[in-house]
Amino acid sequence: MTDPTSRALKLLSLLGHRPVWPGPVLAAELGVTPRTLRRDVDRLRNLGYTVDAEPGQGGGYALRRGQALPALSLDEDEALAVNVALAAAAGYLTDAHAGQRALAKIDAVLPPAARARAQETRAATDLSGAGMAVDSAILAACADGTRRRRRLRFSYVDRRGRHSERWVEPHQVSCRGQVWYLAAYDVAREAWRSFRLDRMAEVRVGDWVFRRRPDAAEALERTLDPVPLEAYEHEVVLHVRCPIESAPDFMTWDGAILRELEPGLCEYVTGTDEPDEAASLLTGMPCEFTVVEDQAVREAVVALGERLLRATNTHTHDS
């Protein structure tokens, strides 16, 4: 790394990752001599960073904590990682502009080379389908309650449309497939539950501090299990014309069953509480398929197909 500016950025990044760096170790990490390292440290000091140096055994270089730092400095790899993460976050948050505003601020303080690489990567990468959008305030409240071990209150609508008020001890926020979940202990029901964040509303972080329950680790592992097929009101069985190794990713989500009937033909089994919703989702199936079960789902697909045909005929007539 021969460019002094690039070395300075790398040095600043390394100093931020450890409380103290022994001089020889830090010089080896940068690929420079101890003398060059001292010059690079002086360059950071001239830019306004406070870097302490302690000679002798157990000493080294340390970036002083709590100082008012100048503009954000990231090397090219770090800038790329932050840009990709923020671009992907736009697909998970209802306020997609928050990520765009953050990216604009980061772009403004990046070195030209790092900024150019990050912008080129964003232009060449499509992360718009990263996941189901979730309210950033709800996500923040769930994460805050989990981090500080504070109970949460919120309104919830389950998958069958039933409304309830919940009072829980939050333990883990996770994203599985395309959906955000909160794993928590439901105080009123005295049981562990998994809640979808997109079905939560009016989330409030309380003052009640709870202790981690002895069975938390085992319970959290169980809450990650998908909803069993028998829990749904309707079973969806499709025969799909595609090799099993080419099946779309969504056919392996949420506990669905996918098996090969013969080369080029698969059976896909999942569940639904809303046949009309299942029919709408099936319009995105990229392969030829036949609806085998159940009757309610078959009827919903037929009804949707008839509506689409009528729309086509109407459009053709008006033209």
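1. Let us start with a hairpin. Strands S5 (residues 179-186) and S6 (residues 191-196) run antiparallel to each other and pair over six bridges. Four residues separate the two strands in this hairpin. At its turn, Glu190 has a positive phi of about 50 degrees. Asp186 stands opposite Ala191, a residue of S6. Please keep in mind as you read that this is a predicted model.

2. Now for the overall picture. The protein chain has 319 residues, and 38% of them count as buried. It holds 10 helices and 11 strands. If you take the contacts between residues at least 6 apart in sequence, 61% of them join residues at least 24 apart.

3. Where do the residues of the largest nonpolar core touch the most other members? Among its 17 residues, the answer is Leu11, Leu15, Leu26, Leu37, Leu44, Val51 and Tyr61. Two or more residues each are given to this core by helix H1 (4-15), helix H2 (23-30), helix H3 (34-46) and strand S2 (60-63). H1 supplies the largest share, with five residues.

4. Leaving aside residues up to four places away in sequence, Leu37 touches Leu11, Gly23, Leu26, Ala27, Leu30, Val32 and Tyr61. There is also a second, separate core of 16 residues, which includes Val134, Cys142, Trp180 and Val203.

5. Helix H3 deserves a look of its own. With 13 residues at 1.5 Å a residue, H3 should span 18 Å, and its end C-alpha atoms are 19 Å apart, which agrees. Buried in H3 are Thr36, Leu37, Asp40, Val41 and Leu44. Viewed down the helix axis, the buried residues of H3 fall within an arc of 145 degrees, so they line one face of the helix. The background is simple: an α-helix has 3.6 residues a turn, so residues three or four places apart point the same way.

6. What do the buried residues of H3 pack against? Their partners are H1, H2, strand S1 (51-54) and S2. On the other side of H3, Arg35 and Asn46 are exposed. Just after the helix comes Gly48, with a positive phi of about 110 degrees.

7. H7 covers residues 136-148, which is 13 residues, and reaches 18 Å from its first C-alpha to its last, close to the 18 Å expected at 1.5 Å a residue. The buried residues in H7 are Ile138, Leu139, Ala141, Cys142, Asp144, Gly145 and Thr146. One of these, Cys142, is also a member of the second core.

8. To find the pairing by eye, look for Leu238, which stands opposite Tyr268 in S10.

9. Is Glu293 buried, exposed or partly exposed? This residue of strand S11 has 37% relative accessibility; buried means under 20% and exposed over 50%, so Glu293 counts as partly exposed. Glu293 touches Glu235, Val236 and Val237, not counting residues up to four places away in sequence. Glu293 and His234 are 59 residues apart in sequence, while their C-alpha atoms are 8.5 Å apart in space.

10. The last stop is Asp273, in the loop between S10 and helix H9 (275-282). Asp273 has a relative accessible area of 10% and is buried, because buried means under 20%. Asp273 and Glu233 are 40 residues apart in sequence, and 5.1 Å apart in space from C-alpha to C-alpha.

Key
Residues numbered from 1 in each chain as written. Predicted model: local features only at pLDDT ≥ 70, side-chain atom pairs only at ≥ 80, totals over all residues. Heavy atoms only, no water. Core = buried A, V, L, I, M, F, W, Y, C linked by side-chain atoms within 4.5 Å. Buried < 20%, exposed > 50% of the residue type's maximum accessible area, 1.4 Å probe, protein only. Contact = heavy atoms within 4.5 Å. Expected span 1.5 Å × (residues − 1). Arc of directions from axis to C-beta. Pairing = 2+ DSSP bridges.
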